[in-house]
Amino acid sequence: MLKLKTFSLKALTASCILCAATLGNYAIATTSINLSYNGAPDPDKNAVHVFATHLKSLVAEKTNGQIELVLYPNSMLGTEEERMEQTMTSPSLNIASFAGVSPLVDEVFVSATPFLFENFDSARAFFDEGQYWQAISAKLKERAGIDMLAVVEEGGFLAFTNNKRPIHSPSDFEGLRFRAMDPSQVALYEAFGASGTPIPWTEVYMSLRTGVADGQMNPPMYIILGSLYEVQQYLTLANIKYSMQFLVGNSTLMENFDETTRAAFLEAVKEATIAARIHNEAQVESRIVYLADKGMEVIRPTGENMEAFRSIGQPAFLKWLNERGIDPQIIEMALEDAKALAK
């Protein structure tokens, strides 16, 4: 569990690489700030890297070179929790997954409720305009001294894959064994009559190849990156969950930018987020076509079957959230936002 601490401004600024020696020059001197994230520094293999490199360029441009982002891909600065602690204790930025954010704000899991969004526009509005996400951001700042700066799309919506039979509806899951990323996915699979076993990403390909698991869920981008099409025959596009990570930054770092610099930095974040969305959405269909060309059978569930997925899967996930002790009011707020902001 990450430790929540309070750090002095002196300690925070001391660890930032500044061209100036004093805090008084903080806003006008060139400042190098670390930005860490998961995945390879390859634009063809890592949507988060595309976002990070674009953000680096925009920040330099809009701050007239006052801020320089130093990129650390491939988790070079440590595990998810280690990088979040660095973000708490030093003037740095991080792109975190649920594994990084949830130890600090467990309520973030509510945003992973399956079948919550029908399309990109609905998901984006939920995070851009919803009261729930404002509440999550406030909790992160209050508990850990970390600002939630952006939701970074990383590969579209999650899809089911398996190597046994086409999955059109929940009844098709009966008796199948699935790789799960976390206990929430186990709960979802069990609700459909399948079983779920947590398996690390590094072991997924071999587990599917050897029959330890029959299937898994991921967005098309990760199915391609993991070459899972070699060991999976069926692809079900059920818009299970919106695939995203979170750009976060040390709150004291942000507060010590002068108003002009902070506005320029946040404008760069906004533009990079929009560009990432455009890039990501433009790739979705071509990735599906690629998987079909590799021999996967693509299943697009009917509206009736999608409602069946939702009516069974959501209650199971909400029960899991309640068992974690998450405030029911937070859950209800998210559900109301999703309904009100559906596009």
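# Pockets and packed helices

The largest pocket here has 34 residues in its lining, and Ser97, Glu154, Met181, Tyr222 and Gln245 are the ones that lie nearest its centre. Keep in mind that you're looking at a predicted model.

**The largest pocket**

- Let's start with the space itself: the largest pocket holds about 1000 Å³.
- Sort the lining of the largest pocket by class and you get 16 nonpolar, 12 polar and 6 charged residues.

**The second largest pocket**

- The second largest pocket has about 470 Å³ of space in it.
- Its lining is made of 20 residues, and nearest the centre you'll find Asp128, Met148, Leu149, Ala150 and Val269.
- Helix H5 (120-129), helix H6 (131-144), strand E5 (146-157) and helix H11 (259-293) are the elements that each put two or more residues into the lining of the second largest pocket.
- H11 gives the most to this lining, with 7 residues.
- By class, the lining of the second largest pocket has 10 nonpolar, 4 polar and 6 charged residues.

**H5 against H6**

- When two helices pack, you describe the pair by the angle between their axes and the distance between the axes.
- For H5 and H6, the angle is about 50° and the axes are 5 Å apart.
- That angle is why H5 counts as oblique to H6.
- Is the crossing of H5 and H6 left-handed or right-handed? It's right-handed.
- On the H5 side, the contact is made by Phe126, Phe127 and Glu129, while H6 brings Gln131, Tyr132, Trp133 and Gln134.
- Split by class, the residues of this H5 and H6 contact are 4 nonpolar, 2 polar and 1 charged.

**H6 against H13**

- H6 also packs with helix H13 (residues 328-340): their axes come within 7 Å and cross at roughly 140°.
- H6 and H13 are therefore oblique to each other.
- Who touches whom? Gln131, Tyr132, Ala135 and Lys139 of H6 meet Ile330, Met333, Ala334 and Asp337 of H13.
- The residues in the contact of H6 with H13 come out as 5 nonpolar, 1 polar and 2 charged.
- Look for Gln131 and Tyr132 in both lists: these H6 residues take part in the contact with H5 and in the contact with H13.

**H2 against H11**

- Helix H2 (residues 47-62) and H11 have axes that come within 9 Å and cross at roughly 145°.
- The H2 and H11 crossing is right-handed.
- From H2, the residues that meet H11 are Val50, Phe51, His54, Leu55, Leu58, Val59 and Lys62.
- From H11, the partners include Ala264, Phe265, Ala268, Val269, Ala272 and His279.
- How do the residues of the contact of H2 with H11 divide by class? There are 12 nonpolar, 3 polar and 3 charged.

Notes. Residues numbered from 1 in each chain as written. Predicted model: local features only at pLDDT ≥ 70, side-chain atom pairs only at ≥ 80, totals over all residues. Heavy atoms only, no water. 1 Å grid on protein atoms, 1.4 Å probe; cavity = no way out; pocket = protein on both sides within 12 Å on 5 of 7 lines; lining within 4 Å. Points joined across faces, edges and corners; volume = space filled by probe spheres on them. Nonpolar A, V, L, I, M, F, W, Y, C, P; charged D, E, K, R; others polar. Helix = DSSP H or I, 4+ residues; strand = E, 2+ residues; numbered from the N terminus. Axes fitted to C-alpha atoms, helices over the stretch in contact; angles between N-to-C directions. Parallel < 35°, antiparallel > 145°, perpendicular 65-115°, else oblique. Left-handed = near helix turned anticlockwise from the far one by under 90°. Contact = heavy atoms within 4.5 Å.
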